[in-house]
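Here's a quick briefing to read with the model open beside you.

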Amino acid sequence: MDLVISLATQIGALFIMIGVGYVLIKTDICTISESKLLSQIVLYVSAPCAIINSFQIDLTEEKLKGFLLSIGAAILVHIIYYILAKILTKKCHFNAIESMSIMYPNCGNLILPLVSIVLGNEMVFYCSGYMIVQTILLWTHCKFIISEDTHFDLKKILLNINMIAIAAGIIMFFLQIKLPTMFQSAVSGMGSLMGPLSMFVVGMLLAGMNMKEVFTDVRAYVVCFLRLVVFPAIILLDNMK
C-alpha cells in the first residue's frame, strides 16, 4: 500500500512538471523549438548519466542474476506483446504506428525517471536489461514494420546512446570500476535532471498541439488503454499464477 501511495504521489509530481512545461509555452517564456534542446539534453546527457550511475554498485551474485533475469523477462514480455498485438491488429485494423505503439511502450525517458524516483536509482540497473532488448527490437522489427525497410543497420543499434551507456555501465560493473567522487557527483546530478526535463518537454509539446484533436481521437484512447492497462495487466496476471 505504501508503494502505491508513493507511486501515485510521484506520478502527481510528474504531472505538475508537465503543467510547468505547458505554462512555459503558453506564457511565451519559452518556445516550442526550445523543447528540442531540452529533449537532446535528456537523451544525450541525463539518461546516459542515470544509466551509468545505476551500475555504480557492488557486484554480487544476486544483482547479476537479477540483471540476467530482467533481460530474459524482457524477451518473454516482447514475445507476448508481439502475439497480442498481431491478433489485435487484425481484429481492430490498426495501422503500423498504432500496432507498434501498443507493442513497444516507452521504457526510456518517461519510465526511467519514475523508476528512479519511486524505487531508487539501483532499479534503473534492472531497467537497463529491458532497454537492451527493446532497443534491438526497435531498430529491427519496429523499423521494418513502420518504414518497410529491410536494411539491418547494426551501427544504429550499437551506437545508440543508451546502448553505449549500458555497455559502459556493464564494463564498470563487472570490473568494479568506481568513478572518482567528483565525477560520481557530476554524473549523479546530471542523471537526476532526467525526470524534470523530460516532463517539461512533454508539457511544452502538448502546448503546441491541438488539444481538441488529441482528446477527440477515439482510436488514441483504444491504443492507450491497450498499451497502458490491458497489456501490463496480462503480464501481471501471468506472473501471479
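Predicted model: local features only at pLDDT ≥ 70, side-chain atom pairs only at ≥ 80, totals over all residues.

- Leaving aside residues up to four places away in sequence, Ile102 touches Tyr81, Ala85, Phe94, Val223, Leu226, Arg227 and Phe231.

**Helix α3**

- Helix α3 takes in residues 61-92, 32 residues in all, so at 1.5 Å a residue it should span 46 Å; the end C-alpha atoms sit 45 Å apart, which agrees.
- Its buried residues include Phe67, Val77, Tyr81 and Ala85, along with Lys63 and His78.

**Salt bridges**

- There are three salt bridges in the structure.
- Asp58 pairs with Lys178, with the closest N and O atoms 3.7 Å apart. Asp58 is in the loop between α2 and α3 and Lys178 in the loop between α8 and α9, so the pair ties together parts 120 residues apart in sequence. Lys178 is partly exposed, at 39% relative accessibility.
- Glu61 and Lys65 meet at 3.0 Å, N to O. Both lie in α3, four residues apart, or about one turn of the helix. Glu61 is exposed at 54%, and Lys65 is exposed at 52%.
- Glu98 bridges to Arg219, with the closest N and O atoms 2.8 Å apart. This pair links helix α4 to helix α12, 121 residues apart. Glu98 counts as buried at 13% relative accessibility, while Arg219 is partly exposed at 35%.

Definitions and conventions. Residues numbered from 1 in each chain as written. Heavy atoms only, no water. Helix = DSSP H or I, 4+ residues; strand = E, 2+ residues; numbered from the N terminus. Expected span 1.5 Å × (residues − 1). Buried < 20%, exposed > 50% of the residue type's maximum accessible area, 1.4 Å probe, protein only. Contact = heavy atoms within 4.5 Å. Salt bridge = Lys/Arg side-chain N within 4 Å of Asp/Glu carboxyl O.
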